[in-house]
Amino acid sequence: MTTAADSTVQSAPVRPFAQALKDAQTRITTHMDARLGGDDALHAAMRYAVTGGKMLRGFLVLESARLHGVAEAATLEAALAIECIHAYSLVHDDLPCMDDDDLRRGQPTVHRKWDESMAVLAGDSLQTFAFELLADPRIGPHGLTLIRGLAQASGKDGMVSGQMLDIAAETATRPLDLEQITHLQNRKTGCLISWSATAGAVMAGADEAPLRRYADALGLAFQIADDILDVEGDAAKVGKAVRKDADAGKATFVSLLGLDAAKKRAKTLMEQACDALTPYGDAAETLKDTARFVISRDS
């Protein structure tokens with residue numbers, strides 16, 4: 001396992017984004033089937049929750065690890081771990097006590113396919129399974145750093161905090177301003193994206209700073225693109241209900257900036273993300289394509 005980006009980027013193979021993403025989805029899904037066996041309803045619900053998404057966070061783990069020459073066994077454990085955390089958050093967010101959604105990724109949400117009790121248990125199990133994966137010795141000497149980072153990114157100072165702020169905003173007497181909604185989304189969405197994009201550097205014991213700058217811009221661009229999709233998206237392509245934010249009167253980047261300005265802001269963030277990858281040279285072209293995809297996606 002190498003410990004410096006500069007020594008690995010020259011030999012790291014670069015592939016078109018669409019090909020690399022499809023390959024990542026296949027590898028993560030195959031690894032999930034191998035690591036998440038079991039023929040009871042709980043295991044079925046867990047696999048159902050992870051399957052079918054873009055697996056962008058897991059893909060970012062694989063790409064950041066590729067840049068640093070991290071071993072495949074460690075990489076797949078970390079990629080599956082972040083997809084389990086992301087899936088757990090969606091399962092719980094979809095519950096009637098939270099966002100009350102019937103569709104996710106074009107399919108019935110877990111609590112609709114099974115029931116609310118199973119959805120809670122599947123989410124709980126996915127969360128704990130993620131840390132079980134990261135505790136695998138194959139992760140290497142920096143496993144504890146990864147575990148601590150994911151706990152912070154997904155918990156009270158990260159994703160869960162962002163969800164709490166989002167819920168509080170729904171009943172606030174005044175809508176959020178741009179600074180507040182940026183803070184909310186940095187926690188709700190950005191923290192997990194940042195963990196994913198820097199995981200390879202952490203596992204290699206390398207400098208995280210370039211990938212962290214990339215992830216900070218990418219995470220915010222991702223959320224702005226989500227807000228744009230809620231306005232312009234087709235529910236059949238998006239895979240969930242759209243225009244819910246506008247109907248609920250929620251403050252979003254679109255409502256605060258306007259549609260055209262939000263698109264311009266997303267494009268600027270995409271360019272910042274690409275610029276952050278300069279230290280990796282041409283080897284980071286796939287990650288640059290990822291940033292371009294994030295602001296142009298239709299789902």
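These notebook entries record what I looked up in a predicted model.

**Entry 1. Ground rules.** I number residues from 1 along each chain as its sequence is written, and I use heavy atoms for side-chain values, with hydrogens and water left out. As the model is predicted, local features need pLDDT of at least 70 and side-chain atom pairs count only at pLDDT 80 or more, while totals for chains, interfaces and linings use all residues.

**Entry 2. Aromatic pairs.** I searched the whole structure and found three aromatic pairs. Rings of Phe, Tyr and Trp (its six-membered ring) pair if their centres lie within 6.5 Å; planes under 30 degrees apart count as stacked, over 60 as edge-to-face and the rest as tilted.

I looked up F17 and F293: their ring centres are 4.8 Å apart and their planes stand at 35°, so the pair is tilted. F17 lies in helix α1 (residues 17–35) and F293 in helix α15 (residues 285–296), so this pair ties together parts that are 276 residues apart in sequence. Helices are DSSP runs (H or I, at least four residues), numbered from the N terminus. Is F17 buried or exposed? F17 is buried, at a relative accessible area of 10%; buried means under 20%, exposed over 50% and partly exposed in between (1.4 Å probe, protein chains only). I also noted that F17, F59 and F293 form one aromatic cluster.

I then took Y48 and W114, an edge-to-face pair with 5.3 Å from centre to centre and 80° between the planes. Y48 lies in helix α2 (residues 41–50) and W114 in the loop between α5 (110–113) and α6 (116–134), so the pair ties together parts that are 66 residues apart in sequence. Y48 is partly exposed, with a relative accessible area of 22%, and W114 is partly exposed, with 27%.

**Entry 3. A charge over W114.** I found K113 over the face of W114, at 5.7 Å from the ring centre. The criterion is NZ of Lys or CZ of Arg within 6 Å of the ring centre and within 35 degrees of the ring normal.

**Entry 4. Residue A78.** I located A78 in helix α4 (residues 72–93). A78 is buried, with a relative accessible area of 0%. Which residues does A78 touch, not counting residues up to four places away in sequence? I listed V61, L134, I139, L146, W195 and M203, where contact means heavy atoms within 4.5 Å. Of A78 and M203, I noted that they are 125 residues apart in sequence and 9.4 Å apart in space, C-alpha to C-alpha.

Note on methods:
Helices (H or I, at least four residues) and strands (E, at least two) are DSSP runs, numbered from the N terminus.
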